[in-house]
Amino acid sequence: TTFEYDHSVGASLDYSLDWGSAGWLQTGESIVSSDWAIPASPTGLTLGVSQIVGGVTSAFLSGGTAGYVYKVVNTITTNSNPPRTDSRTIILSCKQR
């Protein structure tokens with residue numbers, strides 16, 4: 001699943017993925033780890049603080065270069081036995097505003 005947003009150059013914004021409301025988490029299942037990855041190229045986007053609150057993962061992203069598109073991937077692991085792992089991609093189109 002992919003989500004697309006416009007991101008202003010110089011902005012520092014939090015982006016969230018709601019795994020619970022999307023029906024992905026099973027009853028009693030929770031997220032135990034959430035890793036965010038920004039590809040090495042193009043450069044300019046910075047990953048800040050990330051967190052897990054219930055079934056929602058979020059991360060602050062800042063910077064970026066106007067005209068570039070960044071694919072940010074969030075990979076989670078759950079407490080199920082065996083653990084379930086999945087990823088979602090956020091595509092940020094960086095714009096000068």
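1. The side chains of Asn74 and Ser34 are joined by a polar contact of 2.8 Å, and a second polar contact, of 3.5 Å, links the side chains of Asn74 and Trp19. A polar contact is here a pair of N or O atoms within 3.5 Å; within protein, one must be able to donate a hydrogen and the other to accept it, and residues adjacent in sequence count only if both atoms are side-chain atoms. The coordinates come from a predicted model, in which local features need pLDDT of at least 70, side-chain atom pairs count only at pLDDT 80 or more, and totals for chains, interfaces and linings use all residues. Residues are numbered from 1 along each chain as its sequence is written, and side-chain values use heavy atoms, with hydrogens and water left out.

2. Asn74 belongs to strand E6 (residues 69-78); strands (E, at least two residues) and helices (H or I, at least four) are DSSP runs, numbered from the N terminus. Asn74 counts as buried because its relative accessibility is 0%, where buried means under 20% relative accessible area, exposed over 50%, and partly exposed in between (1.4 Å probe, protein chains only). Leaving aside neighbours within four places in sequence, the residues in contact with Asn74 include Leu17, Trp36, Thr57 and Asp86; contact means heavy atoms within 4.5 Å.

3. Trp19, the other partner of Asn74 in the 3.5 Å polar contact, is buried, with a relative accessible area of 2%. Not counting residues up to four places away in sequence, Trp19 touches Trp24, Leu25, Ile31, Gly55, Thr57, Asn74, Ile76, Asp86, Ser87 and Arg88.

4. The structure holds 2 aromatic pairs. Rings of Phe, Tyr and Trp (its six-membered ring) pair if their centres lie within 6.5 Å; planes under 30 degrees apart count as stacked, over 60 as edge-to-face and the rest as tilted. Tyr5 and Tyr15 form a tilted pair, at 5.6 Å centre to centre with 50° between the planes. Tyr5 lies in strand E1 (residues 2-8) and Tyr15 in strand E2 (residues 12-18), so this pair ties together parts that are 10 residues apart in sequence. Tyr5 is partly exposed at 34% relative accessibility, and Tyr15 is buried at 7%.

5. Trp19 and Trp24 form an edge-to-face pair, at 5.4 Å centre to centre with 75° between the planes. Trp24 is buried, with a relative accessible area of 16%. Arg84 lies over the face of Trp24, at 4.1 Å from the ring centre; the criterion is NZ of Lys or CZ of Arg within 6 Å of the ring centre and within 35 degrees of the ring normal.

6. The largest nonpolar core has 16 residues, and those with the most contacts inside it are Trp19, Trp36, Leu45, Leu61, Val72, Ile90 and Leu92. Such a core is a set of buried Ala, Val, Leu, Ile, Met, Phe, Trp, Tyr and Cys residues joined through side-chain atoms within 4.5 Å. The elements giving two or more residues to this core are E2, strand E3 (31-37), strand E5 (56-63), E6 and strand E7 (85-95).

7. The chain has 0 helices and 7 strands. Buried residues make up 33% of its 97 residues. Of the contacts with a separation of 6 or more, 63% are between residues 24 or more positions apart.

8. The mean pLDDT of the chain is 94, and 100% of its residues reach 70 or more; pLDDT is the predictor's confidence in each residue, from 0 to 100. Among the elements, E1 has the lowest mean pLDDT (92) and E3 the highest (98).
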